[in-house]
Amino acid sequence: ENYTMMDLQLMKRLSRTSSLRQAGVALLVTIVGLTSINGPTTPPASFSSTTTTVQQQIKKHINQTQFLEPIDCSNIPIDTEPHYSIAEFALYNKTAVVDYAPWSPGKDDKQVFNENNGGLYHQILDVDQDEIFIDVGANIGQMAMVGLVSEVTTFAFDPLEYDIMKICSGVIETVKRGHTQTIENLYLFRALVGNESQSNVSITRPDDAFGKFEQASLFTNTIGVARKPKSYVKEYVPMIKLDEVIPPSLPIGLVKIDVQGFEWPVVQGMKGLLERKVGYPRIVHYEEQRRVTLGAGFKLGTVQRFLEGYNYTCTNLGNDISCKK
């Protein structure tokens, strides 16, 4: 009842143009017999006539592995408190809309990114059209929206219901404002990413009264808030390995990982991608903050040493590390 007629018409169009997106939540059914949260799912029978070769490969892989179904944003509740911010990328003539949280300093703003401040955004926009971008820890979609408007195939993973709502809100608004003509290139999953597949894992976030719902972690001591909430809420989602979800036929331009200190298990779960002779990730960009990495029980530098073993050259960018091959 909160949708406008324009919103309803738009979401019907988005739903029609994306026959993969059948599920309102991401479900997990692993090949070793794990059961999904809401039971087994049936993959869609067919694509529309506009399906590309890449989409066919992704559909085939989903049918074979039956791990996750992408989120259908037309099934996600509307954000009743949107704060849309504009990100313009002058060098690429691209614009994205991100729906920020009400407590975020970035809300209701406009930022223009050029050669001096583009950073990771420009790396996403530089991904080749035949490569894919993987966003692990998508949060409210700051990076995933860039993947969307770049029209590069984007896999985005986040475990929180609030984040998924914000991402879908950004997707709908980006389309509504005419910044992209398709959502076919975005595959959004509500799931944790790690070094093993599990059907039901808890993720902890601040309570509803505290806010900052987009900040979460497997453990309370690694949640990214300065002032601690009085209580916490757990959400339950699948955990998957990138090796099992990413189709082996798709080359990877960039993997971005920001998961509150658990970057190491994510990288362990993508060993197969790193071992590829061709189509391996050209760039792995991840966060490493001392407090959260140690709080999660991992040693600083573990991810970098592991990637260097695969002949990556890594550059320290403060709290981020970018490794290229």
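Good morning. I begin with helix 5: of its 16 residues, 14 are buried, so the helix is largely enclosed by the rest of the structure. Buried here means under 20% relative accessible area, with exposed being over 50% and partly exposed in between, for a 1.4 Å probe and protein chains only.

A word on the basis of these values. This is a predicted model, in which local features need pLDDT of at least 70, side-chain atom pairs count only at pLDDT 80 or more, and totals for chains, interfaces and linings use all residues. Residues are numbered from 1 along each chain as its sequence is written, and side-chain values use heavy atoms, with hydrogens and water left out.

Helix 5 covers residues 161-176 and reaches 23 Å from its first C-alpha to its last, close to the 22 Å expected at 1.5 Å a residue; the expected span is 1.5 Å times one less than the number of residues. Helices (H or I, at least four residues) and strands (E, at least two) are DSSP runs, numbered from the N terminus. After helix 5 comes G178, with a positive phi near 80 degrees.

Where does helix 5 lie? It lies across strand 5 (153-158) and strand 6, running at about 160 degrees to strand 6. Axes are lines fitted to C-alpha atoms, for helices over the stretch in contact (heavy atoms within 4.5 Å), and angles run from 0 to 180 degrees between N-to-C directions.

Those two strands belong to an open sheet of seven strands with mixed pairing, in the order 6-5-4-10-11-13-12. Two strands pair if DSSP finds at least two bridges between them. Strand 6 (186-190) and strand 12 stand at the edges with a single partner strand each, so one side of each has no neighbour in the sheet. On average, neighbouring strands of this sheet are turned by 10 degrees against each other, direction ignored.

Consider now strand 13. Strand 13 (residues 320-324) runs antiparallel to strand 11 (residues 283-287), joined by five bridges, and D320 is the bridge partner of E287. Strand 12 (residues 313-316) also pairs with strand 13 in the antiparallel sense, over four bridges, with N316 opposite I321. Strands 12 and 13 form a hairpin with three residues between them, and G318 in the turn has a positive phi of about 95 degrees.

Finally, E235 lies in strand 9 (residues 232-240) and is buried, at a relative accessible area of 9%. A polar contact of 2.8 Å joins its side chain to that of R205; such a contact is a pair of N or O atoms within 3.5 Å, where within protein one must be able to donate a hydrogen and the other to accept it, and residues adjacent in sequence count only if both atoms are side-chain atoms.
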